[in-house]
Amino acid sequence: MAHDYIKSLKAKIGEEVELKGWVSNKRSSKGLEFIILRDGSGFVQAVVSAEEVTAEVFENANKLTLESAVSLKGKVVADERQEGGVELQVNHLEIYHIGEEYPIAKKEHGIDFLMDKRHLWLRSRRQWAIMRIRNTIIQSVHGFFQQNGFIQMDAPLFTGNACEGTSTLFETDFYGDTAYLSQSGQLYGEAMALAQGKIYTFGPTFRAEKSKTRRHLSEFWMIEPEMAFYDLNMNMDLIESFVRHVVTEVLSKSEAELALIERDTESLKNVKKEFPRIPYDDAVKILRGEMKVKGLTSIETLETDLKNINEQIVAIKAEIAEREEKIKQAGIKKGERNFNLNKIGKLKAEAKDLQERSQNIPHWIESARNFQHGNDFGGSDETVLTRLFDAPVMVYNWPKAIKAFYMKQDENNPDLVKGVDLLAPEGFGEIIGGGERETDKDYLIEQIHKHKLPLEAFEWYLDLRRYGSVPHAGFGMGLERFVAWICGLHHVRETIPFPRMYGRLLP
Ligand code: 4AD
Ligand code: MG
């Protein structure tokens, strides 16, 4: 008989079960061992009582170290105070492995240490929850496209042509020729859309980003739909319904994991609202404080934020001082002391975050005020812009000079192209880039030359404009940026099992 999983214990109250897993935490008190067992499907408290088991079993329970692997047999009992509402009363225990002293302890570790131990860190509760949310997102992405008549087709990862400019290419040797690792499956996606109508690719992409940022990975996963007979507006409609679908589904399917990582989901619920669509020109005016949104300029909004944040910091500091007084009192109970210590730790972290924001805002104001028309938005510009809206924001009609060679030129203004970026709120910034594709072969050839790309490598791509050329559009969503937004993670390194980024190849 196969063993049971923690996830399904709630339905087995009163029954005898067998669980197999690892000791994620343990504490002992007189005649009792409390084990927090994790088995991949969840976490549960298991109690081994000296009175209920043989001396040998109790001895074995006693010698379990963190991350030791065990099989536990016992009875499931309801206990509302426990995680999952159940507890296991152990009557038998077998040891698979007694773990050596586990390097990840309960105390706070620095991020570099944890990244070095990523292969173990993945076992901890928070990382476990994030990976499950990532899984739900992946499932919802496929669900959306499959339900809407899209065919998944995969683009090659070795390519002979750059898609997103030559500055971030990883070069590799391909039987004596130079090949690049794919920066985007789009060009192949266009070919596949002309074969199937509506397709999407879902695969790894590579960009040599020679700097450490919180939003760039060297290897990341991209979802790229491409649709024949779609224009920019239809593309924006699709982006909106796609993002709304995935977020809504994750909010319901991953509710428990989002709660575990303490994600405030209120702002995510705003995907129900219409996504504002703003031409780049207006976005610049809004950013510079020259155009109001809901009666306020971006600068006024930031100044109000700054004032509020500073007030919050004062209040939090007062609360910390008050609790610090409390724990100094003679005769304070251990439980109350720990509760306050815990609270102080959380408050201090909160104050630190707020202080960072309070220090940043003046710089954001400065750079928003001085933003030059024609430039790409930086991270802080995206934060300022999205701050004025609840839902994610689409910026479209971009300056040609800062966008890729394949973007369709605007009929009314040859300096603009029909690209669109989706910016997530709360400072998460660009999560989607896409647009309508140019169909004019001669214009494309001119652009390929302008971007100093080798024409031979694009001959096959130009065939798509020779045989059955039609208006078409698509977009690319970076999975890790999306996971970061949904989980409220400041840095993309925690959104992928084994991040690859500048300075990080192991583990
Ligand atoms: O905006 P990008 O460069 O667009 C393209 O590659 C198009 N060819 C997509 C298309 O139209 N089919 O990248 C798309 C998205 C970005 O919005 C971002 O979410 C993600 O890919 N992305 C990265 N994510 C992590 N690390 C990086 N270095 C990323 N570069 C882009
Ligand atoms: Mg982009």
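I started with the second largest cavity, which has a volume of about 50 Å³. A cavity here is a set of points, on a 1 Å grid over the protein atoms alone, where a 1.4 Å probe fits but cannot get out. Grid points are joined across faces, edges and corners, and a volume is the space filled by probe spheres set on the points.

Conventions, for the record. The model is predicted, so I kept to its limits: local features need pLDDT of at least 70, side-chain atom pairs count only at pLDDT 80 or more, and totals for chains, interfaces and linings use all residues. Residues are numbered from 1 along each chain as its sequence is written, chains are lettered from A and ligands numbered from 1 in the order in which they are written, and side-chain values use heavy atoms, with hydrogens and water left out.

**Cavities**

I searched the whole structure and found two cavities of 30 Å³ or more. Ala, Val, Leu, Ile, Met, Phe, Trp, Tyr, Cys and Pro count as nonpolar, Asp, Glu, Lys and Arg as charged, and the others, Gly among them, as polar.

The largest cavity holds about 60 Å³ of space. Its lining includes Arg214, Arg215, Ile431, Arg481 and His490. I sorted this lining into five nonpolar, one polar and three charged residues.

**Ligand 1**

I then looked up ligand 1, which takes the space of the second largest pocket. A pocket is an open set of grid points with protein on both sides within 12 Å along at least five of seven lines, and a molecule sits in one if more than half of its atoms lie within 2 Å of its grid points.

I counted 23 residues around ligand 1 (a heavy atom within 4 Å), and Glu164, Gln186, Arg207, Glu224 and Glu430 come nearest. This shell divides into seven nonpolar, eight polar and eight charged residues. Strands are DSSP runs of E, at least two residues, numbered from the N terminus. β15 (429–436) is one of the strands that supply at least two shell residues, and β15 gives the most, with five.

I checked polar contacts (N or O pairs within 3.5 Å). A backbone N or O atom of Ile431 is 2.8 Å from an oxygen atom of ligand 1, and for Gly433 the corresponding distance is 3.4 Å. The side chain of Glu209 has an N or O atom 3.2 Å from a nitrogen atom of ligand 1. The protein covers 94% of the 620 Å² of accessible area that ligand 1 has on its own (Shrake-Rupley method, 1.4 Å probe).

Terms used:
Polar contact = N/O pair within 3.5 Å; in protein donor to acceptor, adjacent residues only side chain to side chain. 1 Å grid on protein atoms, 1.4 Å probe; cavity = no way out; pocket = protein on both sides within 12 Å on 5 of 7 lines; lining within 4 Å. Helix = DSSP H or I, 4+ residues; strand = E, 2+ residues; numbered from the N terminus.
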